[in-house]
Amino acid sequence: MNTVRTHSVALPRFSFVLLIGLLSSGCISSRRIQDYTVARSSSCEVHGSVMNNKLVPQTFGMKRSGWILKLRNARECVFPHADEIYDTSFCMPSNEQYARIWVCRECTAARTKWLLENPPFLEEDSSYVRFCDLMWKEFRESFVGRK
Ligand SMILES: [Zn+2]
């Protein structure tokens, strides 16, 4: 008896949670997207490649370890259009939770190569890279990330 009662109560709750989840993940208001492609070339300034625009999660944080500064410099000069989450480096979160960016295939490969050649040596740096990659992976696997 208890099992039947549990199912009949749990299913509507689960359906409601699922519905809210689908609604909230399926629609992203343009107010939540910072568009970094507007008035910017669709050709990579480092590799000369034609790029595709992509929606990615946006994060923030004033991380200032030596390795993070080196990564930030590489993001600007070596792989400015890698397929990764967008870190504003601001100390406060933006209103926008997502970023529309230009993505270059060569920049993405350069990022992977750079991380292999310059592995983080502090735990906080390693956890930052893991956080970025996990956030990006979860977004790609979400409904919005597959659109
Ligand atoms: Zn590039």
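A residue counts as buried here if 20 or more other C-beta atoms lie within 10 Å of its own, with C-beta atoms placed from the backbone. By that count, 14% of the chain's 147 residues are buried. Keep in mind throughout that this is a predicted model.

**Whole chain**

Show the chain as a cartoon. It has four helices and four strands. Trace the elements from the N terminus: the order is α-β-β-α-β-β-α-α.

Select the four strands. They form an open sheet, ordered β1-β4-β2-β3, with mixed pairing. Go to the edges next: β1 (33–35) and β3 (86–87) each have a single partner strand, so one side of each lacks a neighbour in the sheet.

Move to β2, residues 52–59. Its pairing with β4 is antiparallel and runs over six bridges. Pick Asn52 to see one of the residue pairs: its bridge partner in β4 is Val103. Then look from β2 towards β3. This pairing is parallel, over two bridges. Select Thr59 and you will find Asp87 of β3 opposite. As a reminder, strands of a sheet pair through backbone hydrogen bonds, either parallel or antiparallel.

**The nonpolar core**

Show side chains for the largest nonpolar core. Select Met51, Val56, Phe79, Ala82, Ile85, Tyr86, Tyr98, Ala99, Ile101, Trp102, Cys104 and Cys107; these are its 12 residues. Which element gives the largest share of this core? Colour by element to see that strand β4, residues 98–103, supplies four residues, the largest share.

Centre on Tyr86, one of the core residues. Which residues does Tyr86 contact, once neighbours within four places in sequence are set aside? Val56, Gln58, Ala99 and Ile101. Val56, Ala99 and Ile101 are also among the core residues.

Is Asp125 buried or partly exposed? Asp125 has 18 C-beta neighbours inside 10 Å, so it counts as partly exposed; the cut-off for buried is 20 or more.

Next, show what surrounds Asp125. Not counting residues up to four places away in sequence, Asp125 touches Ser65, Trp67, Ile68 and Pro120. Finish with a distance: draw a line between the C-alpha atoms of Asp125 and Gly66. They are 59 residues apart along the chain, and the separation is 9.4 Å.

Technical notes. Residues numbered from 1 in each chain as written. Predicted model: local features only at pLDDT ≥ 70, side-chain atom pairs only at ≥ 80, totals over all residues. Pairing = 2+ DSSP bridges. Core = buried A, V, L, I, M, F, W, Y, C linked by C-beta atoms within 7 Å. Contact = placed C-beta atoms within 7 Å.
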